[in-house]
Amino acid sequence: MRKRLVAGNWKMHGGIEQNRDLLSKIVAGTMEIDKATCAVCVPYPYLSQVHSFLKDTHISWGAQNISQYDKGAYTGEVSAMMLNDFSCRYVIVGHSERRTLYGEDNCTVARKFKAALDAGLVPILCVGETLDQREAGLMEQVVSEQLDAVIELVGVEVLADSVLAYEPIWAIGTGKTATPQQAQDAHIFIRKRIASQNPTIAAELQILYGGSVKANNAVELFAMSDIDGGLIGGAALLADDFVSICMAANN
Ligand code: PGA
C-alpha cells in the first residue's frame, strides 16, 4: 500500500514572519494526520528557518531545485550537500517552470535527479506536457522522454527512492485542473511504462498529481487509485487550504 504525500511548492514566495505564521498553522492543523506525509519545499534562504521550526514535528521539508554538480565555480547554485546541512528530505527536480524559464532540458534534469539521490535526498521528479502537446496527442511521448532520460542515467531500480509528480503544464497556476480521470490516465501510463522495466518498483512508486490542486478538488483527485498525493503550488501558501488538502490525503 503506497502512502500518500502532499508536498507544498512555495515557489518564490515567503518571508520570515509570514513563514512562521504559515508553518505554525500547518503544524497545528495536521496533528491528527497519520496515514499521509506532509512536506513543504521552500526557497533556499528559508531552509534554515524550516529546519529549526519543523525538526521536532511530523512535517518534512525540502528545496525546489538543486545543482547537478557537487561543488565548484557555479555562481548562484546550491548543491545537494548544502541541502543536507539543513536536513532536507525532498528536493523538487525538473519542475516545468525550471524547464521552461531556465532552460533545463531532460539531460540536465536527469543529472540533478542523480545528484539528489547520490546525496540521500528524495527527488520529486516533475514531468508533464504543455497544452499544445496534449492537443497534438503528444502527452505520452513527452512524458516518456522526460522519464526515460532519468532512467537511462540512473537505472529504473533507484526510482524506489524517489517520487514522481505528473504536472500537466496547462494546469499549473491556471485554476484549470486536469479532471481526476485525465490525471489517473496519465498516472496509469507512467506506472505501466515503469512496470515494463520493473513491476515491483512501479507498484510501490508514489506518483503525485500537480496543477491547481485545491481544497475543493483534492478529495476527488486523491480518490483515484494511481494518484498518491499532490504537489501543491498556490494552495500551499494558504494554511487552511493546505491543511484541508493534507487531510484529504489522510482519508
Ligand atoms: P499550482 O502549482 O498548484 O499553483 O497549480 C503546482 C506546481 O507548480 O507544482
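Before placing any residue I settled the terms: helices (H or I, at least four residues) and strands (E, at least two) are DSSP runs, numbered from the N terminus. I note that this is a predicted model, in which local features need pLDDT of at least 70 and side-chain atom pairs count only at pLDDT 80 or more, while totals for chains, interfaces and linings use all residues. Residues are numbered from 1 along each chain as its sequence is written, and side-chain values use heavy atoms, with hydrogens and water left out.

**Entry: lysine 11**

I looked up lysine 11 and found it in the loop between β1 (4-9) and α1 (16-29). Its phi is near 55°, which is a positive value in a residue other than glycine.

**Entry: the ligand**

Which residues come nearest to the ligand? I found 13 residues around the ligand, of which Lys11, His95, Glu167, Gly173 and Ser212 come nearest; a residue is counted here if one of its heavy atoms lies within 4 Å of the molecule. I sorted residues by class, with Ala, Val, Leu, Ile, Met, Phe, Trp, Tyr, Cys and Pro as nonpolar, Asp, Glu, Lys and Arg as charged, and the others, Gly among them, as polar. On that basis the shell around the ligand holds four nonpolar, seven polar and two charged residues.

I then looked for polar contacts (pairs of N or O atoms within 3.5 Å; within protein, one must be able to donate a hydrogen and the other to accept it, and residues adjacent in sequence count only if both atoms are side-chain atoms). A polar side-chain atom of histidine 95 is 2.7 Å from an oxygen atom of the ligand. For glutamate 167, an N or O atom in the side chain lies 2.7 Å from an oxygen atom of the ligand. Serine 212 takes part through its backbone, where a polar atom is 2.7 Å from a ligand oxygen atom. The ligand taken alone exposes 280 Å², and the protein buries 97% of that; the areas come from the Shrake-Rupley method with a 1.4 Å probe, and for residues only the protein chains shown count as cover.

**Entry: the largest pocket**

Next I turned to empty space, since rolling a probe the size of a water molecule over the atoms shows where such space is left. The search runs on a 1 Å grid over the protein atoms alone: a cavity is a set of points where a 1.4 Å probe fits but cannot get out, a pocket is an open set with protein on both sides within 12 Å along at least five of seven lines, and lining residues have an atom within 4 Å of a point. Grid points are joined across faces, edges and corners, and a volume is the space filled by probe spheres set on the points.

The largest pocket holds about 500 Å³ of space. Its lining has 18 residues, and Lys11, Met12, Gln64, Arg98 and Tyr102 lie nearest the centre. Helix α4 (residues 96-101) gives the largest share of this lining, namely three residues. By class I recorded nine nonpolar, five polar and four charged residues in the pocket lining.

**Entry: the largest cavity**

How many cavities of 30 Å³ or more does a search of the whole structure find? It finds one, and the largest cavity has a volume of about 40 Å³. I listed Gly94, Ser96, Arg99, Cys126, Val127, Gly128, Gln146 and Glu167 as lining the largest cavity. Helix α4 and strand β5 (122-127) each supply at least two residues of that lining, which by class has two nonpolar, four polar and two charged residues.

**Entry: single residues**

Is serine 162 buried or exposed? Serine 162, in the loop between α7 (139-154) and β6 (163-166), counts as buried because its relative accessibility is 5%. A polar atom of the serine 162 side chain lies 3.0 Å from the backbone oxygen of leucine 159.

I found valine 93 in strand β4 (residues 90-93), and at a relative accessible area of 1% it is buried.

Serine 87 sits in the loop between α3 (80-85) and β4, and has a positive phi of about 50° although it is not a glycine. With a relative accessible area of 38%, serine 87 is partly exposed.

Note on methods
Buried < 20%, exposed > 50% of the residue type's maximum accessible area, 1.4 Å probe, protein only.
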